[in-house]
Every structure is written in C-alpha cells, then in structure tokens.
Amino acid sequence: MNSKNRLALDLLRDYANKKQEKRNVIRNLLMQANTSPNYKKLDARERELIFLIASKESHNEDATELNLKLNKLKEIKNKVLMSLGINPQDLELKYDCEQCKDTGIVHNEYCTCFKNKLAQLALKDSGLDKNNLPSLKDFNTNIAENEEQKKELTSYRNLLQILSINFQF
C-alpha cells in the first residue's frame, strides 16, 4: 500500500473514531438522563406522541393538537434535562463538517475537508517544512521568451493561486 493510500485509510479511521466518540458522549448523557424516572416517563410519552402524529398524518388527518402537546412535552423534557445538569443541545450530534457529516466522503468522493486534512498529513509525513517551500510570490513570469509564453505562465500562475486558495494547508 502506498503512502497516500495508507494516510487516507488512517484518516478515514480517525474520522470514524471521532464520530464514534461523539456518539459515546451522547449515549453516556442519555444513560445519565435515564436514571431519572421523570425523564424516562417523558421520553416514553414523546415517542408515543411521535407515533400518533405519524399515524394521523399518514391518514391525512389533522395532527395540530398533538404537535402542540409534543412541543410542550419537549419543553418540559428539556427542563428536566437541565435540572440533571445536561444541556439538551449536547444530545445532538454536531458535525465538524456539515457537508460530509464527518465521514470524509460525499457522493462517493472525498470531501473537501478530508482532502485538506490529507494534504496536511502528506506534507507532515514528507518531512518538508511548509515555511521553506516555494510560494507563488516566487513564481517568475519573466522567464518567458515571448508574449505567448508569458500569457501561458500568467494563466498557470492564476490557476495555482486558485488551487492554493481552495486547498490551503
């Protein structure tokens, strides 16, 4: 396995591990919340209301009253969580990258966040010091022998600038 594939595989594992760590934190908070009989009762009632709302809506019946009850129940449930020292927002999975949902992959391709981290890892793995690498300010279009070559070099420099903005290290 080449170095780039190894780095990509390691990074995908890191993404999966970090996501699992976040899920574990949420699971532990839910376990703590479920030690409260009041929370358990409210949670069971919430599930029941969600089922009833889905049932009514599937039969094209009005579920407005049930939705109001559900919203009030959620408010009460949040207050119970707060009394247990749990912020209700901490029970929601928060992603570092909304585009890929912290998987590193979008539509069977690597996400931009993944590509950037992979590039950073590849640079670090190479042993090169990014501060000593040539930059676009070192790019000299004066080496062109004629105007056509100068236009090509200028176009190339512009392309490199665009790429450097999109894939900053």
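In this predicted model, helix α1 meets helix α4 through Ser-3, Lys-4, Arg-6, Leu-7, Ala-8, Leu-11, Leu-12 and Tyr-15 on the α1 side and Cys-113, Phe-114, Lys-117, Leu-118, Leu-121, Ala-122 and Asp-125 on the α4 side. The residues of this contact of α1 with α4 comprise ten nonpolar, one polar and four charged.

**Geometry of α1 and α4**
- The axes of α1 (residues 3–33) and α4 (residues 112–126) come within 10 Å and cross at roughly 125 degrees.
- That angle makes α1 oblique to α4.
- The crossing of α1 and α4 is right-handed.

**Packing of α2 and α3**
- The axes of α2 and α3 lie 10 Å apart, and the two helices pack at an angle of about 160 degrees.
- Angles over 145 degrees count as roughly antiparallel, and α2 and α3 are therefore roughly antiparallel to each other.
- The crossing of α2 and α3 is left-handed.
- Residues in the contact include Leu-42, Leu-49 and Ile-53 of α2 and Leu-66, Leu-73 and Val-80 of α3.
- By class, the contact of α2 with α3 has twelve nonpolar, two polar and eight charged residues.

**The second largest pocket**
- The second largest pocket holds about 200 Å³ of space.
- Among the residues that line this pocket are Tyr-39, Asp-43, Glu-46, Lys-74, Lys-77 and Leu-81.
- The elements that give two or more residues to the lining are α2 (37–58) and α3 (64–83).
- The lining residues of this pocket divide into five nonpolar, two polar and five charged.

Notes:
Residues numbered from 1 in each chain as written. Predicted model: local features only at pLDDT ≥ 70, side-chain atom pairs only at ≥ 80, totals over all residues. Heavy atoms only, no water. 1 Å grid on protein atoms, 1.4 Å probe; cavity = no way out; pocket = protein on both sides within 12 Å on 5 of 7 lines; lining within 4 Å. Points joined across faces, edges and corners; volume = space filled by probe spheres on them. Helix = DSSP H or I, 4+ residues; strand = E, 2+ residues; numbered from the N terminus. Nonpolar A, V, L, I, M, F, W, Y, C, P; charged D, E, K, R; others polar. Axes fitted to C-alpha atoms, helices over the stretch in contact; angles between N-to-C directions. Parallel < 35°, antiparallel > 145°, perpendicular 65-115°, else oblique. Left-handed = near helix turned anticlockwise from the far one by under 90°. Contact = heavy atoms within 4.5 Å.
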